[in-house]
Amino acid sequence: GLADQLFTARRKLGPSLASSVLRLMLNRAETTKSLLDAIEKGQIQFTDLQLDQRQAILNHVDREIARRAGELMKARGAMVVSDRQALVDEWTPVIAVKGNLENGIAMYKKHCAQCHKHGELGVAIGPNLTGMAVHPKEEILMNVLDPSRSVESNFRTYQVLTVEGRVISGMLAGESANSIRMINAQGKEEQVLRAEIEEMNAPVKSLMPEGFEASISKQEMADLLTFLNTRGRYTPLTLSIAATLSGAKGLPGNRGAAGDKFELKNYGTLNIDGVPFEIQDPLEGRIANMIALQGPRPGPGGPPTLPSSTSLACSGKVSSIHLLGAVAAFGPPNTNGASSLIVRCNFEDGSKEDHALVNGKHLATYRDKVDVPESKFAIDANGKQIRYMKVSVTNDKPLKSIEFVKGEDFSIPLIFAVTVESTDNGGH
């Protein structure tokens, strides 16, 4: 009789507590079945459930619950559009609609700030969206409408069914031999012992649910896109796609041994000389959070185990590229005076601009707090140094991407964060 009592109590509650009752029902497989019974009887509407709750039922670890939920959603006309590309095509004309920046900020606070950080706004549960400003509106729209198209592994939704029948949904925050840690869409963390896990399901779905388009008008979407596409003087880029190494796992060591690790006291937004950087948390080694490159020939650490290049998408005109790193493994004095890293600007017209970073001039060894003329000490990472430097871009052309290419020597250059500076200190 618990479900009936909860439904009765819910009718006397405000929206926030009423929503909490439904979330409580979804925490157990048995009460989720009772919730579906109530929906079938018309006592509860699918629209009473939040998007992430609807997605959780559709991807439920209990396949019978998932099947029944799908059938009910189709029957009630509440099924989220499955053809996301057709939806993106339908909404594409919104890109040309003039948006209102102030209302775009309001839309962000209303729909996005609960899970995403943008500058000083929001909470860092999902990806940081500050760097979205360097992407064209077409790409931003696609990510909003089809969030699972290219979802990163650290933002996938997992579902755990415990032996007691509880259902826990959220991102995997960490794991050990005895337990896992989950973060739900409200940012709350919960630890689950492996001995308590009956079943675990990891569909390739983003924590951000599909169906956002049902909660926003096309004009409001245009306003939101205007805000997300507007950049200030500095725009921190997200390294997640370009990163090649997890600092928590460590560098390649000699003869296959584990190398030095880079574990910082704090992750997230960090300001160096007034320039904001976004440093990704490696989540105990589960994700790559830094760029490390090796050339094709073996160095002191043996055969290469890292790529020789990687790239960051970046559109618009840029006056400077600010780097947090400017250090190298097997760097000075082993490879003094040699090019360790090339920062390559790829422009929309197909042209390129290369900036060679030289060991002993731009880059220093990370092992000791030694100085070089073209960069400066920024962070102490458990006795290892991370440095800051600025690369000035001479061409006043719109960028397409920033590429990082291994130089001529055998050192391993390291980059922890990248921020671009706009030529007009703002705009699109």
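## A salt-bridge tour

Select Asp-396 to begin: at 51% relative accessibility it counts as exposed (exposed is over 50% relative accessible area, buried under 20%, partly exposed in between, with a 1.4 Å probe and protein chains only). You're looking at a predicted model, where local features need pLDDT of at least 70, side-chain atom pairs count only at pLDDT 80 or more, and totals for chains, interfaces and linings use all residues. Residues are numbered from 1 along each chain as its sequence is written, and side-chain values use heavy atoms, with hydrogens and water left out.

The term means a side-chain nitrogen of Lys or Arg within 4 Å of a carboxyl oxygen of Asp or Glu. Lys-317 lies in strand 12 (residues 309–325) and Asp-396 in the loop between strand 18 (384–392) and strand 19 (398–406), so the pair ties together parts 79 residues apart in sequence. Strands (E, at least two residues) and helices (H or I, at least four) are DSSP runs, numbered from the N terminus.

Next, pick Lys-397 and Asp-349, joined by a salt bridge of 3.1 Å, N to O. Lys-397 sits in the loop between strand 18 and strand 19, and Asp-349 in the one between strand 14 (339–347) and strand 15 (352–358), so parts 48 residues apart in sequence are tied together.

Then jump to Lys-218 and Glu-90: their closest N and O atoms are 3.9 Å apart, another salt bridge. Lys-218 is in helix 9 (residues 218–228) and Glu-90 in helix 6 (residues 84–91), so this pair links parts 128 residues apart in sequence.

By the salt-bridge rule, the count comes to 17.
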